[in-house]
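Subject: Structure for your files, with notes

Hello,

Here is the structure I said I would send. My notes on it follow below.

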Amino acid sequence: MKPQAMHTDWISKWAQYSPEAVMLQDDGNGATITYAQAQAMLLRTAGLLQSRYGIAPGDRVAVLALNHMEYVVLFFAVQKLGAILVPLNYRLAAPELDYQLSDSTPKLLLFEQEFLDTLSKTSFTGEKALLQGEAGFLAQMHGTGGSASIPLNPQHEGALEDACMILYTSGTTGRPKGAVITNGMLFWNSVNTGLRLNLVQSDVTLTFAPFFHTGGWNVLTTPFIHRGAKLILLRKFDAARILELCGQEGVSILFGVPTMMDMLYREPGWGQANLEKLRYAIVGGEPMPVPLIEAWHEKGVPIRQGYGLTEFGPNVFSLNETDAIRKIGSIGFPNFYIDAQVMREDGSFAADDEAGELVLRGPVCMQGYWNKPEETAKTIVNGWLHTGDIVRRDAEGYFYVIDRKKEMFISGAENVYPAEVEHVLRTHPAIREVAVVGVPDPKWGETGKAFVVLKTGEAADAEVLRNWARERLAKYKVPGHWAFVDELPKSDSGKILKRKLKEA
């Protein structure tokens, strides 16, 4: 085995060290997979992909499915072949899904039966395999579908710089961009996370973030597997069930966004919930309100605020739990092996308490955007990844996010980029101009508000446009509010002044 391959061959190591330790547990049916079982399944799956489907280094394997234990093992099998996993967002409408399939051109698409209707509306004509059924791919992974022993020939020995995953992140230009994740990125993110969060083999966490998100894989799935720890998979966020599992399974670390943490706090079972094993909760996405932090602290659970992004990390910053209230709003310090600076527009570094763009450098940087060299060149300049987020650093070295990336807003736990929504809405025959901004929402934190200018002689109301948008956009991207105006406010250069729209 080449030295590089050892950096990513985590399951085989734990299959030797602690073969009976549980790696994955499905909360839906109680099934478990030990590290030894995962290693056997991984090799069988890699052999199946190689012999039956001809998967070779560099090939893309797309997956359209909910979170499953086998999904995790599948990724490591794909990685072992030097191929690239493409997790697809099952919430997308057919046109959105079609774009990602056309862009990534997978050699194989694995899908669940419930998404067949959406998939049939795309133009994808490549090889597909159903996950369910007696002869489905999952059965073959378990060795019950005629693939009990398929040797790898030859075995690929991956390098740290090899791509292993493409994660699509919505773009500010109206089209999603596929961030190319490398073996090295996963390795160093795990090292950074383990060092900063003090991860150990006895840790237990819950994974409910979908696998088309970087959070689903890297906060904290891959770092936990690197440590030989235990992951419990849920299909979706369920506040009542999560509180139960914290006590029943001895959950030691929990990750969520402030909306989720608030839902847990407001759950009727909060008062009786056993959180004694919970060392701390990691919170990302946006600052957590002080009263909510205090409520969790009173329950004996420290809060650690963080920051990350798909293109870098994603575990980039962490605020020590002792500073949760003293430095409220701060994302803390950069993690190990990460350089962070505040950059002025002229490329020089800003002074303390001076606002500027957050730029990052280190081994957890993406390889680039798939099929988008120009976008890559704009984002990674002289080794520094430009986040587009405006931050400041105080005299003690704590970082604060002043403005989120471009015009993005967060609806629930989902990032919504107005440019992407506007790109779709502009194709409606009645719309001349449209602008989307994020506005407060009591349930989701924020939702979209579309300001629409109709073409002369055309007619359309909110219900018509909403239904039309639902056929082309994921539900969480569809604006919750609509306003019809004669014109949009613009600057002298013709740029739409969204700040005025937010004030409207």
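**Helices H12 and H13**

Pro258, Met261, Asp262, Leu264 and Tyr265 of H12 are in contact with Leu292, Ala295 and Trp296 of H13. Sorted by class, the residues in this contact of H12 with H13 are seven nonpolar, no polar and one charged. Please keep in mind throughout that this is a predicted model.

Two packed helices are described by the angle between their axes and the distance between the axes. For helix H12 (residues 258-266) and helix H13 (residues 290-298), the axes come within 11 Å and cross at roughly 50°. With that angle, H12 is oblique to H13. The crossing of H12 and H13 is left-handed.

**Helices H3 and H4**

The handedness here is right-handed, whereas H12 passes H13 in a left-handed crossing.

On the H3 side, the contact is made by Ala38, Met41, Leu42, Leu43, Thr45, Ala46 and Leu49. On the H4 side, the residues are Glu70, Val73, Leu74, Phe76, Ala77, Val78 and Lys80. By class, the contact of H3 with H4 has 11 nonpolar residues, one polar and two charged.

Gln39 is also in helix H3. Is Gln39 buried or exposed? Gln39 counts as buried, at 15% relative accessibility. Leaving aside neighbours within four places in sequence, Gln39 is in contact with Ile11, Ser12 and Ala15.

**Cysteines**

A disulfide is a covalent bond between the sulfur atoms of two cysteines. How many disulfides does the structure hold? The count is zero. The closest cysteine sulfur to that of Cys164 is in Cys365, 14 Å away, which is too far for a bond. Looking from the other end, Cys365 is in no disulfide, and the nearest cysteine sulfur is that of Cys164.

Cys164 is buried, with a relative accessible area of 0%. Cys365 counts as buried as well, at 16% relative accessibility. The cut-off for buried is under 20% relative accessible area, so the 16% of Cys365 falls within it.

**Backbone points to check**

Most residues other than glycine have a negative phi, and most peptide bonds are trans. The following places depart from that pattern.

- Val219 and Leu220 are joined by a cis peptide bond, with omega about 20°. Leu220 is in the loop between H9 and helix H10 (221-226).
- Gly313 and Pro314 are joined by a cis peptide bond, with omega about 15°. Pro314 is in strand E14.
- Asn198 is not a glycine but has a positive phi of about 55°. Asn198 lies in the loop between helix H8 (183-197) and strand E9 (204-207), and is partly exposed, with a relative accessible area of 48%.
- Asn371, also a residue other than glycine, has a positive phi near 60°. Asn371 is in the loop between strand E18 (368-369) and helix H14 (373-379), and counts as exposed at 52% relative accessibility.

One further residue touches Pro314, a partner in one of these cis bonds. That residue is Asn218, in helix H9 (residues 214-218). Asn218 is buried, with a relative accessible area of 2%. Not counting residues up to four places away in sequence, Asn218 touches Leu186, Asn189, Pro223, Pro314 and Asn315.

**Leu319**

Where is Leu319 found? Leu319 is in the loop between strand E14 (312-318) and strand E15 (330-334). At 2% relative accessibility, Leu319 counts as buried.

The C-alpha atoms of Leu319 and Gly332 are separated by 3.8 Å, although the two residues are 13 residues apart along the chain. Gly332 is one of the residues that Leu319 touches, not counting those up to four places away in sequence.

Regards

Conventions
Residues are numbered from 1 along each chain as its sequence is written. This is a predicted model: local features need pLDDT of at least 70, side-chain atom pairs count only at pLDDT 80 or more; totals for chains, interfaces and linings use all residues. Side-chain values use heavy atoms; hydrogens and water are left out. A crossing is left-handed if the near helix is turned anticlockwise from the far one by less than a right angle, and right-handed if clockwise. Helices (H or I, at least four residues) and strands (E, at least two) are DSSP runs, numbered from the N terminus. Contact means heavy atoms within 4.5 Å. Ala, Val, Leu, Ile, Met, Phe, Trp, Tyr, Cys and Pro count as nonpolar, Asp, Glu, Lys and Arg as charged, and the others, Gly among them, as polar. A disulfide is a pair of cysteine sulfur atoms within 2.5 Å. Buried means under 20% relative accessible area, exposed over 50%, partly exposed in between (1.4 Å probe, protein chains only). Axes are lines fitted to C-alpha atoms, for helices over the stretch in contact, and angles run from 0 to 180 degrees between N-to-C directions. Angles under 35 degrees count as roughly parallel, over 145 as roughly antiparallel, 65 to 115 as roughly perpendicular and the rest as oblique.
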